[in-house]
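This report covers pockets, nonpolar cores and aromatic pairs. Have the sequence and the model at hand.

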Amino acid sequence: MANLKHVTPRYIVDRLSVVLDEKRHPNHPWLTKDSVELLGQLLRKQDVGVEFGSGRSTHWFLSKIASITSIETHEGWFKKVSQDCESEISSKRMVYHLASDVESFLTIIDGFDSDSIDFCLVDGSHRDTCALSMVPKIKTGGLMVVDNINWYIPCENSTSPNARRIADGYASDKWEEFAQITKDWRYIWTSNGVSDTGIWIRT
């Protein structure tokens, strides 16, 4: 039986709010409302981005930045997004990779120069490996965004389901290492009571 402890009156209100916001903004990324609004202010037309996990966020990011490299693991979804973004791929504003395993992710990441990326969204598979490996690729002033961060890094204030507490520790050694390496970056934790999105700004 599914664990329904999180289904409180507060969660129901939060969930309905998320559903309504998604209906009002069907083209927005599936991130918290606050993080989308913040990214809308911080992203610049000349920025170069990377996203792990593609979808409706891809078009939204391309409307804000110069170019994006997107990495997807699901073959069927890769085919769909390839068709949806055919013009962006043809114009080379978008480079699209199908990655089947963590080694494929690392090979792609190794192809980025250090301090060359303005923006990175970590979603989808192998998030700890992707986040940790992308840290040296982010420019000063650049953004690292991790969706569902409450699953990976402890936060006592989060009310989202499955949020990790200090007593739980980090979800993996890589997440702890990531937190240590980025401890001097500016860090903004956003939550909608259903899921959390973390934004780091390299200082």
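## Terms and model

Ala, Val, Leu, Ile, Met, Phe, Trp, Tyr, Cys and Pro count here as nonpolar; Asp, Glu, Lys and Arg are charged; the others, Gly among them, are polar. By that scheme, the lining of the second largest pocket has 8 nonpolar, 7 polar and 4 charged residues.

The model is predicted: local features need pLDDT of at least 70, side-chain atom pairs count only at pLDDT 80 or more, and totals for chains, interfaces and linings use all residues. Residues are numbered from 1 along each chain as its sequence is written, and side-chain values use heavy atoms, with hydrogens and water left out.

## Pockets

A pocket is an open set of points on a 1 Å grid over the protein atoms alone, where a 1.4 Å probe fits, with protein on both sides within 12 Å along at least five of seven lines; lining residues have an atom within 4 Å of a point. Volume is the space filled by probe spheres set on the points, which are joined across faces, edges and corners.

The second largest pocket holds about 290 Å³. Its lining numbers 19 residues, with Trp-30, Gly-53, Ser-54, Gly-55 and Asp-123 nearest the centre. The largest pocket has a volume of about 430 Å³. Among its 24 lining residues, Asp-21, Leu-31, Thr-32, Lys-33 and Asn-192 are the closest to its centre. This lining divides into 6 nonpolar, 8 polar and 10 charged residues. Helix α1 gives the most to it, with 7 residues.

## Nonpolar cores

A nonpolar core joins buried Ala, Val, Leu, Ile, Met, Phe, Trp, Tyr and Cys residues through side-chain atoms within 4.5 Å. Buried means under 20% relative accessible area, exposed over 50%, partly exposed in between (1.4 Å probe, protein chains only).

The largest core has 26 residues; Phe-52, Met-134, Met-144 and Phe-178 touch the most other members. α7 gives the most to this core, with 4 residues. A second, separate core of 21 residues includes Leu-31, Trp-60, Met-94 and Ile-199.

## Aromatic pairs

Phe, Tyr and Trp rings (six-membered ring for Trp) pair if their centres lie within 6.5 Å; planes under 30 degrees apart are stacked, over 60 edge-to-face, the rest tilted. The structure holds 10 such pairs. Phe-61 and Phe-119 form a tilted one, 4.7 Å centre to centre with 50° between the planes. Phe-61 lies in helix α3 and Phe-119 in strand β4, so the pair ties together parts 58 residues apart in sequence.

Definitions and conventions:
Helix = DSSP H or I, 4+ residues; strand = E, 2+ residues; numbered from the N terminus.
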